[in-house]
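Please open the model in the viewer and follow the selections below in order.

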Amino acid sequence: MGYSAWFQCIKGCNERYPLDEVVYQCDKCGALLEVVHDMEAMKKTGAKEWMETFDDRIHRNIWPYGSGVWGKKEWVCPNIDNENIVSLYEGNTNLFWAERFGKDIGLENLWIKMCGNSHSGSFKDLGMTVLVSMVKQMIANGKNIHAVACASTGDTSAALATYCAAAGIQSIVFLPRGKVSIPQLIQPIANNSLVLSLETDFDGCMEIVQKICKDHNIYLANSMNSLRIEGQKTVSIEIVQQFDWEVPDVIIIPGGNLGNVSALGNGFLMMMELGVINKMPRIVVAQAERANPLYLSYRKGFMEFKPVVAKQTLASAIQIGNPVSYEKAIKILETFHGIVEQATEDELANAAARGDKYGMFNCPHTGVALAVLFKLLKSGEIGSKEKVVVISTAHGLKFTDFKKDYHEGRLEGIQSQYANLPVHLPADIEKIKRVIYERIEKEGGTH
Ligand SMILES: *Cc1c(COP(=O)(O)O)cnc(C)c1O
Ligand SMILES: [Zn+2]
């Protein structure tokens with residue numbers, strides 16, 4: 001073995017910190033840290049060998065390699081002992097060809113990566129397994145950590161709570177009151193988290209949790225903690241693996257705090273450096289117009305970045321005005337010929353519903369990504385022959401109120417173009433038949 005990784009300043013200060021040290025920012029300049037791997041050690045293994053190793057581990061049960069994250073342990077976090085790993089066998093989510101939907105929007109090769117088909121219903125599980133495993137290792141090595149805390153727009157807290165519960169570690173979640181869905185709120189409650197519902201927004205929660213975590217006995221689980229990025233980067237490796245180690249042309253990802261886009265990019269960079277791939281995809285970040293600081297910065301050529309006050313959006317998990325990982329994200333977008341595009345509330349809601357008509361069950365954030373795809377196809381920035389992967393970030397079942405209100409036409413300012421309401425009828429065969437025939441006639445039978 002002999003693989004190793006450590007924290008390092010993203011600004012290039014040569015400070016290094018061990019991964020089991022409680023540290024989130026560079027001591028010298030205050031910038032975020034990233035996990036850096038000993039690439040020379042990994043290069044001793046050839047690309048083909050890595051691919052075979054990763055292929056062999058999928059759907060097997062040798063602890064912990066059956067997990068989509070830990071199947072790539074050497075690339076993710078080699079420093080954790082297997083016995084300290086806290087895994088629910090996350091990852092290895094389905095990537096499917098949305099053939100009929102793609103054809104309808106003028107794209108032959110549309111694929112959806114279902115990161116929400118996961119234990120807590122979002123991609124956040126991929127990062128949380130790494131972070132909580134590291135905490136378990138630190139505790140095992142005698143570090144005095146009483147709890148792990150995060151601020152959340154809903155999904156981070158659900159993932160943190162579930163992994164902490166599995167590990168027997170106390171979790172504390174800071175949620176903006178009234179701004180997360182009931183299913184998202186009920187997850188940490190069910191998993192015995194200390195749930196703090198605060199009279200502020202996500203950015204306000206983030207400020208408070210950072211102050212609380214200055215007390216080093218409480219470990220900070222937000223994505224400024226780059227251990228999570230290491231787990232999330234397996235999404236790009238998985239996508240390439242699922243295409244038999246070929247790289248798609250474009251990847252579209254909804255972005256809020258902007259950790260996930262950096263993770264995605266890092267996965268591709270690592271595959272490139274280790275010779276597993278020899279081309280890069282374009283990366284598109286999709287933002288809600290009501291929380292769009294990265295889009296505004298993109299329009300100015302990334303010359304400046306100004307936080308905004310995020311307005312309420314249906315895409316609640318990306319209602320973030322002051323994203324902690326913007327520098328990392330911009331670096332990635334500059335490397336990957338990135339595009340940032342935005343979607344209005346009307347666009348995201350209708351895009352989600354349109355996809356649902358083809359058998360998907362989209363969360364509003366996936367709706368943002370789909371709406372952005374429609375726009376870029378229309379403008380020609382994405383060509384009809386390109387192979388496009390949309391990252392679906394959460395399970396639609398976490399957002400049933402959004403869907404119900406959409407179909408009932410109760411979302412303010414939104415024209416529900418694809419509304420489909422239940423038909424209330426007496427138990428009368430003739431009346432029922434009439435409704436069925438009407439529907440079949442309207443839709444033209446099988447379609
Ligand atoms: C967290 C989250 C995002 C945004 O990811 P960032 O890393 O914050 O950019 C998008 N969609 C869902 C469902 C999420 O939970
Ligand atoms: Zn520094």
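For the shell classes used here, Ala, Val, Leu, Ile, Met, Phe, Trp, Tyr, Cys and Pro count as nonpolar, Asp, Glu, Lys and Arg as charged, and the others, Gly among them, as polar. The model is predicted, with local features requiring pLDDT of at least 70 and side-chain atom pairs pLDDT 80 or more. Residues are numbered from 1 along each chain as its sequence is written.

Select ligand 1 first. Its shell of 14 residues (a heavy atom within 4 Å) divides into five nonpolar, seven polar and two charged. The closest are Lys124, Asp155, Gly256, Leu258 and Asn260.

Next, display the polar contacts (N or O pairs within 3.5 Å). Oxygen atoms of ligand 1 lie 2.7 Å from an N or O atom in the Lys124 side chain, 2.6 Å from a polar side-chain atom of Asp155 and 2.8 Å from a backbone N or O atom of Leu258. Of the 380 Å² of accessible area (Shrake-Rupley, 1.4 Å probe) that ligand 1 has on its own, the protein covers 97%.

Then select the zinc ion, ligand 2. Its protein donors (N, O or S atoms within 2.8 Å of the metal) are the SG atoms of Cys9, Cys13, Cys26 and Cys29, at 2.3 to 2.4 Å. Their sequence spacing is C-x3-C-x12-C-x2-C. Ideal tetrahedral angles are 109.5 degrees.

Definitions and conventions:
Chains lettered and ligands numbered in written order. Heavy atoms only, no water. Polar contact = N/O pair within 3.5 Å; in protein donor to acceptor, adjacent residues only side chain to side chain. Donors = N, O, S within 2.8 Å, 3.2 Å for Na, K, Ca; no water.
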